[in-house]
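Here's a quick briefing to read alongside the model. Have the sequence and the 3D view open, and click through the residues as they come up.

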Amino acid sequence: SMFLFYRLLLAHIIADFPLQTKQIFKVKTNTEWGVLLHTLIVLLFSILFVFPYLEDPKVIIMLLVIFLSHTVIDKLKMEYSKKIKNQSTRILLLDQVLHIAIIAVLTFNFTESYLLSSPFNSVFLNYLIDIYNNDIFIISLVGYIASVFFIPIILMHIREEDISTNPKKP
């Protein structure tokens, strides 16, 4: 079942793009523990998006592995970016591939899916639960957030690299 993968991917993409604001990025770059602020947000969203699974110890371990690996990868990325004094597109892409590959590997053998069901007789809550249980909606949201946030970031990186590698002659 890809159910868990889709929801963890959504949590990752939301926390890594729209919620990684300039302020958070500044804290991340300029303080020793700034990366933790960001990866705790990743963890929080991961927990929020898979909470029906939280009674399963395997899922708790999964969330911890995602949190720790995300922290280590981002810390290494920050150190490397400081050393070469810029953010390369290759590093940004590698960073995303690693995060997503880890989520994929962890959820690959996970077959149980816990659909949410509502104990309440609320039309609104039932509607939210239907949305949460709907894979196509979750995948669409992943695509939407990726296209609105990730693609412009990549394009900006590529443009900046072009400018720095091909300085215009006066």
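Predicted model: local features only at pLDDT ≥ 70, side-chain atom pairs only at ≥ 80, totals over all residues.

A residue counts as buried under 20% relative accessible area, exposed over 50%, and partly exposed in between (1.4 Å probe, protein chains only). Residues are numbered from 1 along each chain as its sequence is written, and side-chain values use heavy atoms, with hydrogens and water left out.

**The nonpolar core**

- A nonpolar core here is a set of buried Ala, Val, Leu, Ile, Met, Phe, Trp, Tyr and Cys residues joined through side-chain atoms within 4.5 Å.
- The largest one has 35 residues, and those with the most contacts inside it are L4, L8, L10, V50, Y53 and V59.
- At least two core residues come from each of α1 (3-16), α3 (34-49), α4 (57-84), α5 (89-108) and α7 (135-165); helices are DSSP runs (H or I, at least four residues), numbered from the N terminus.
- Helix α1 gives the largest share of this core, 11 residues.
- Take L4 as a way in: setting aside residues up to four places away in sequence, L4 touches V50, Y53, V59, M62, T107 and F110, where contact means heavy atoms within 4.5 Å.

**Salt bridges**

- Side chains of opposite charge can pair when their charged atoms come close.
- The rule used here asks for a side-chain nitrogen of Lys or Arg within 4 Å of a carboxyl oxygen of Asp or Glu, and the count comes to 5 salt bridges.
- One of them joins K75 to E32, with the closest N and O atoms 3.7 Å apart.
- K75 sits in helix α4 and E32 in the loop between α2 (22-30) and α3, so this pair ties together parts that are 43 residues apart in sequence.
- K75 counts as partly exposed at 25% relative accessibility, whereas E32 counts as exposed at 53%.
- K75 also has a salt bridge to E79 (3.9 Å, N to O).
- K75 and E79 are 4 residues apart in helix α4, which puts about one helical turn between them.
- E79 is partly exposed, with a relative accessible area of 41%.

**A buried charged patch to click through**

- K77 and D95 meet in a salt bridge too (3.3 Å, N to O).
- K77 is in helix α4 and D95 in helix α5, so the pair ties together parts that are 18 residues apart in sequence.
- Are K77 and D95 buried or exposed? Both K77 and D95 are buried, and for D95 the relative accessible area is 3%.
- Leaving aside neighbours within four places in sequence, D95 is in contact with D16, I73, D74 and K77.
- D74, the residue we started with, is found in helix α4.
- Again not counting residues up to four places away in sequence, D74 touches K28, V35, H38, D95 and H99.

**Aromatic rings**

- Rings of Phe, Tyr and Trp (its six-membered ring) pair if their centres lie within 6.5 Å; planes under 30 degrees apart are stacked, over 60 edge-to-face and the rest tilted.
- The structure holds 7 aromatic pairs.
- In one of them, Y53 and F110, the ring centres are 5.8 Å apart and the planes are at 55°, so the pair is tilted.
- Y53 lies in the loop between α3 and α4, and F110 in the loop between α5 and α6 (123-133), so the pair ties together parts that are 57 residues apart in sequence.
- Y53 and F110 are both buried.
- Ring pairs link F3, F51, Y53, F110 and Y132 into a cluster.
- A charge sits over a ring if NZ of Lys or CZ of Arg is within 6 Å of the ring centre and within 35 degrees of the ring normal.
- By that test the charged end of R7 sits over the ring of F3, 3.4 Å from its centre, and over the ring of Y132, 5.2 Å from its centre.

**An exposed Phe**

- F120 is in the loop between α5 and α6.
- F120 is exposed, with a relative accessible area of 52%.
- Not counting residues up to four places away in sequence, F120 touches L125 and N126.
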